[in-house]
Amino acid sequence: MTYTGRTLGIGLMNGKPFAFYLLCSRSFPQRRAVVRRNAVYIENLTETDNPYVSYPVVRLLDDYAVVTNGLQTDFMAQALEWESPRKALVHVLDVLDYERDSYSTPRIAGIIEHGNGKGWLGFAGRDEFWVKSLELEEGTAFVTATYDLGFVELDFPPFSTAEGLAGRVMGLPFENKVLAIGVVEEKKGWRLAVSP
């Protein structure tokens, strides 16, 4: 199995866009996901002065769902009020760049649009920067992670609910899994779930 650190993906299942976040952690495994209205936050449960281990991870808007591994979540949600998803990713990731921790942890981000088969992924590392506009494909997830994954396409096992998606994500063959968050389009708005 591979250690990927923070991992996220976007895709299409049963004609509906979905996004997920998988938290894998060696150093800070005592964390939880807290849902507050249209947002989800990762909260660290151990004492530390590390500013990067608690952060907003999901922000649900009327037209978009934003999933990232850091404070860029809220900045991207704000940027989407006046610019396209691609530009929001480019601008916010370029300004914030990678995290200034001992691992130079990359910032990763994904956006899906309600009622549209398009999605966007972005990556800002110390030596690598990219943003991709993607046509989502049925039964496929486009995935990136902070470590040792790059950009990959995965055949994704079927699911019908956000709870099912989160469970499938916890089954991915990556090490040190802590929790998963699934976001699935509904007729009106989004449905999200956390596992375990």
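User: What makes arginine 126 and aspartate 127 a salt bridge?

Analyst: In this predicted model, the closest N and O atoms of arginine 126 and aspartate 127 are 3.9 Å apart. The cut-off is a Lys or Arg side-chain nitrogen within 4 Å of an Asp or Glu carboxyl oxygen, so the pair counts. Both arginine 126 and aspartate 127 are exposed.

User: How do you know that arginine 100 and aspartate 97 form a salt bridge?

Analyst: Their side chains meet at 3.8 Å, N to O. The limit is within 4 Å, so the contact qualifies.

User: Why is arginine 100 called exposed, and what is aspartate 97 called?

Analyst: Arginine 100 has a relative accessible area of 52%. Exposed means over 50%, so the label holds. Aspartate 97 is at 23% relative accessibility and counts as partly exposed. That class lies between under 20% and over 50%.

User: What joins Arg32, Arg36 and Glu43 into one network?

Analyst: Salt bridges that share partners. One of the pairs is glutamate 43 with arginine 32, at 3.0 Å between the closest N and O atoms. Glutamate 43 lies in strand β4 (residues 39–44) and arginine 32 in strand β3 (residues 31–36), so this pair ties together parts 11 residues apart in sequence. The structure holds six salt bridges.

User: Why is the pair of tyrosine 3 and tyrosine 147 called stacked?

Analyst: The search of the whole structure finds nine aromatic pairs. Tyrosine 3 and tyrosine 147 form one that is stacked, with 6.1 Å centre to centre and 25° between the planes. Pairing needs centres within 6.5 Å and stacking needs planes under 30 degrees apart, so both tests are passed. Tyrosine 3 sits in the segment before β1 (6–13) and tyrosine 147 in the loop between β10 (140–145) and β11, so the pair links parts 144 residues apart in sequence.

User: How do you know whether tyrosine 3 and tyrosine 147 are buried or exposed?

Analyst: Tyrosine 3 is at 10% relative accessibility. Tyrosine 147 has a relative accessible area of 17%.

User: What makes phenylalanine 123 and tryptophan 130 a stacked pair?

Analyst: The ring centres of phenylalanine 123 and tryptophan 130 are 5.7 Å apart and the planes are at 10°, so the pair is stacked. Both residues are buried.

User: Which residues form the negative surface patch, and why is glutamate 153 called partly exposed?

Analyst: The patch consists of Glu135, Glu137, Glu153 and Asp155. Glutamate 153 lies in strand β11 (residues 151–155). Its relative accessibility is 48%. Exposed needs over 50% and buried under 20%, so glutamate 153 is partly exposed.

Conventions: Residues numbered from 1 in each chain as written. Predicted model: local features only at pLDDT ≥ 70, side-chain atom pairs only at ≥ 80, totals over all residues. Heavy atoms only, no water. Patch = residues over 30% accessible without salt bridge, like charges linked within 9 Å, V, L, I, M, F, W, Y side chains within 5 Å. Areas by Shrake-Rupley, 256 points an atom, 1.4 Å probe, with all protein chains shown as cover. Lys, Arg positive; Asp, Glu negative; His and termini not counted. Charge placed at Lys NZ, Arg CZ, Asp CG, Glu CD. Helix = DSSP H or I, 4+ residues; strand = E, 2+ residues; numbered from the N terminus. Buried < 20%, exposed > 50% of the residue type's maximum accessible area, 1.4 Å probe, protein only. Phe/Tyr/Trp six-rings, centres within 6.5 Å; stacked < 30°, edge-to-face > 60°.
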